[in-house]
Amino acid sequence: IMKNGLVYDGRLVIDHTFKTINSYVFAGGSLTKFSRRYGRTLYLQEYDCKEVGTQLAYAVLQSIDPTFSASTSSPSSFTSCFPASSIHDYGLGVAKPTGQPPTNQTRKNSHPQHLLPPLGQKPKVVYGLLPGNLYYLHADLPTLHTIIKPRILVTNTNNRLCRLVFNDFNVLHSITYIGRDEIPVSNFVCLVGMPATLLNRIIYRYQNNQISDLVEFLSSTWATGLYHEAFPFIENQLHHFLESHQGEFLSVLNEVVKIRQESMESEIDQFAISRLAAALPEHLKTRIQLTALK
């Protein structure tokens, strides 16, 4: 590699657009790593290979086709089941996507540390059939931060072991399954990156011995909406709606603060949720419902 004028630092060094020091040479995959100028980063082998391939193809296309329009085609437009919540970064510590690789002009005017690699939206997935006809799945999000106090949920019933790990912000960081029953892999992978409250208050229910089989719980009818292909779009729309109407939600926020002061529980109970719903102005309820139905 070095004899061909490329930089080798344990792995082939690339920038945030997958270019080596030679702007005509692109690279990606387990052979590569991001330049040290970005600070501490993960090796590309820690990311989902399809995500790396998609971003690499996008970067090459932008380089060779000057008429290519990022507004009509971008990596984020490639539909996937991965939830929008992860893109908003619920404390995952992953590199947020910039929408499109910066142009040469912005690359010159920006500090290198601000040019984050456009990866980390999808979990890395390992799935296969082990000896003994055991199905295995492990999906986890690439992250630079160590989870200080992970919440680990484990069930081992009906010849199937399921383990969920939530990070310090109660966001599902990884899911592991091994058992004789085949499971809907794409559905379970979609859950990685979602907060526990969105998963039907799964931590609260587990701690109160209401869940004896995590696979059965996550396959129940309540989760059907989470697995729908339109769910990430709906969640993203609602997220932006709430952001644009922050001033109108002051009454709800005040009620949340009041509830937290009254109770030291990590989870808000059903009675508290009804109080929050009552504090929400009626016209906002209607608009939220219409946005979801649309």
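**View 1. Confidence along the predicted model.** The protein has a mean pLDDT (the predictor's confidence in each residue, from 0 to 100) of 78, and 74% of its residues reach 70 or more. In this predicted model, local features need pLDDT of at least 70 and side-chain atom pairs count only at pLDDT 80 or more, while totals for chains, interfaces and linings use all residues. Residues are numbered from 1 along each chain as its sequence is written, and side-chain values use heavy atoms, with hydrogens and water left out. Over residues 76–114 pLDDT stays under 50; the model has 84 contacts (heavy atoms within 4.5 Å) beyond four places in sequence for these residues. Where pLDDT is low, the predicted coordinates should not be read in detail.

**View 2. The 30-residue nonpolar core.** A nonpolar core is a set of buried Ala, Val, Leu, Ile, Met, Phe, Trp, Tyr and Cys residues joined through side-chain atoms within 4.5 Å; buried means under 20% relative accessible area, exposed over 50%, partly exposed in between (1.4 Å probe, protein chains only). The largest such core has 30 residues, and Leu164, Phe166, Ile202 and Leu218 have the most contacts inside it. Among the elements that each supply at least two of its residues are β4 (134–140), β6 (160–166) and α5 (202–207); helices (H or I, at least four residues) and strands (E, at least two) are DSSP runs, numbered from the N terminus.

**View 3. Surroundings of leucine 164.** Beyond its neighbours within four places in sequence, leucine 164 contacts residues including Arg151, Leu172, Ile202 and Leu218.

View 4. Cysteine 49 counts as exposed because its relative accessibility is 63%, whereas cysteine 162, at 0%, counts as buried.
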